[in-house]
Amino acid sequence: MSSETDMRQDPPEPSDGKREGKPRERSKVDRFQPSGPKVISELHIPKGSGSSLREITNVRVMLGRYGSDDPAMVSLHKVMFGRDGKHTLRKRNIREFSGAAEGCTVKMLEDRLNRIKSVSVLKEIAQILLCAPEKPDRSSLISAVAKFLEKPAATDQALPPSKGEIREKKREQRQKKAEAKSRRRSKEKRSKKGKEKEKDQPKRAITAFMYFSIERRPEIVKKHPEMPFGEVAQKISREWGRMDENDKKEYNGKAAKDRERYEREMKDWKTKSKGSKKTSKDQKKKGRASKKEKVDSDSQSSESESEDEKENSSSDEASSSSQSSAEQKKRKEKSGKHKKRQNKDKKRSSSKKKTDKKSAGKKASDKESSSEAGSSSSQSSEDAKKAKTTRKSKGDKDKQKRSPKKTIKDDGKKERSPQKSVPEGDKDEKGSEAGQKGDDARKTE
């Protein structure tokens, strides 16, 4: 709109210098004015009908085990106050929570809890507030947490063990198992090394100190029930050391009577044990004798069987020896023929080698002779060529002296020179040269 008003043409000015008509009205423009930063109102924690979580000791301890950025703490803050809250103020606000506001009902809290998708987070919230139900279903967890948040109060549930306590318990259990294993192994070793106690053996005699400790221990335990076993034993030993011989007479007499009883019972037991040992030894001897008799009978039967087997084997050996002698003769004959063939083959191979060597020597000598003949033939051919040239020159001179050249002219024909006549001596020389060349070629082949 502002651009259209600006582009509008003004009316023409009159000649007097004054405008005619109504004056121009300028249109108003709405301009953008940036607003300031959003002001977040501070969280106001109203007082509820219940007690604050800070006052409930177990809940306060459970809140201390979790961090402010834990998903359970964030979701709990959102259920209580409808917002996530600041990182630094989240745990403080949760501790000061003492119940839902006046307008907030149980249904509203349940709706907020239903927005939490994971069941594990709901379980953690119930553990923090110590209001976990027996059946950890989604619906039961939501109802239990909503009831607690409406009016928080201390519950009968005990504190669950922390992560550190769980680790320590596991460590103790491992140590106990290891100690039990070591004790078992030590007992097994001792039982193997030491002699096992025999049956019906009498009990050993009790000492005077043991009689005194049997009387004195229950009195000390009544006075000091918290005192451990080791300290009680130390206290009894100190009292025994302070006592005189007159005070120890009763206990020494009891110990002497018990010692006599032990000696008497041991004598009776030894006599019985000796008789039982003799009977056991006799039984062992009888068992050994019966075993020997069985072994002897078995050995005799085995000897008779072995004799029969030997007789059978001797007859078999005689028949087999006759067969084997015939087979050996055949083998010897075959081996003799085979040896003869081998000797013949060796002789043939040696003769072939010798002939091959001789042929190789002949070939080498032929090559040397052919090379020498080629050199001599080349020299003789050069000498023959020189003699031929000298003879040709002499024959030409003689022809020129005897008769001049004659030219034959025919009508319409070209001139031609007569054929040269070759003397008989030259023909013989040429024939001899061709014969020598043929012989040289045959030798080389």
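**Exercise 1.** Is Phe-212 buried or exposed?

Solution. The model is a predicted one. Phe-212 has a relative accessible area of 8%. Buried means under 20%, so Phe-212 is buried.

**Exercise 2.** Classify the aromatic pair formed by Phe-81 and Phe-97, and state which parts of the chain the pair ties together.

Solution. A pair of aromatic rings is described by the distance of the centres and the angle of the planes. The count of aromatic pairs here comes to five.
- Step 1: the ring centres of Phe-81 and Phe-97 are 5.8 Å apart, and a pair needs centres within 6.5 Å.
- Step 2: the planes stand at 85°, so the pair is edge-to-face; the cut-off for that class is over 60 degrees.
- Step 3: Phe-81 belongs to helix H3 (residues 71-81), while Phe-97 sits in the loop between helix H4 (90-96) and helix H5 (106-114), so the pair ties together parts that are 16 residues apart in sequence.
- Step 4: for cover, Phe-81 has a relative accessible area of 15% and is buried; Phe-97, with 4%, is buried as well.

**Exercise 3.** Work out how Phe-212 and Tyr-251 are arranged, and to which cluster they belong.

Solution. 
- Step 1: Phe-212 and Tyr-251 form an edge-to-face aromatic pair, with 5.5 Å from centre to centre and 80° between the planes.
- Step 2: Phe-212 is part of helix H9 (residues 208-223) and Tyr-251 part of helix H11, so this pair ties together parts 39 residues apart in sequence.
- Step 3: Tyr-251 has 9% relative accessibility and therefore counts as buried; Phe-212, at 8%, is also buried.
- Step 4: ring pairs link Phe-212 and Tyr-251 with Phe-209 and Trp-240 into a cluster.

**Exercise 4.** Compare the exposure of Glu-250 and Gly-253, and place each residue in the structure.

Solution. 
- Step 1: Glu-250 is located in helix H11 (residues 249-402), and Gly-253 is found in helix H11 too.
- Step 2: Glu-250 has 57% relative accessibility and so counts as exposed, the cut-off being over 50%.
- Step 3: Gly-253 has a relative accessible area of 31%, which means that this residue is partly exposed.
- Step 4: Gly-253 lies 8.1 Å from Ala-208, C-alpha to C-alpha, although 45 residues separate Gly-253 and Ala-208 in sequence.

Technical notes:
Residues numbered from 1 in each chain as written. Predicted model: local features only at pLDDT ≥ 70, side-chain atom pairs only at ≥ 80, totals over all residues. Heavy atoms only, no water. Helix = DSSP H or I, 4+ residues; strand = E, 2+ residues; numbered from the N terminus. Buried < 20%, exposed > 50% of the residue type's maximum accessible area, 1.4 Å probe, protein only. Phe/Tyr/Trp six-rings, centres within 6.5 Å; stacked < 30°, edge-to-face > 60°.
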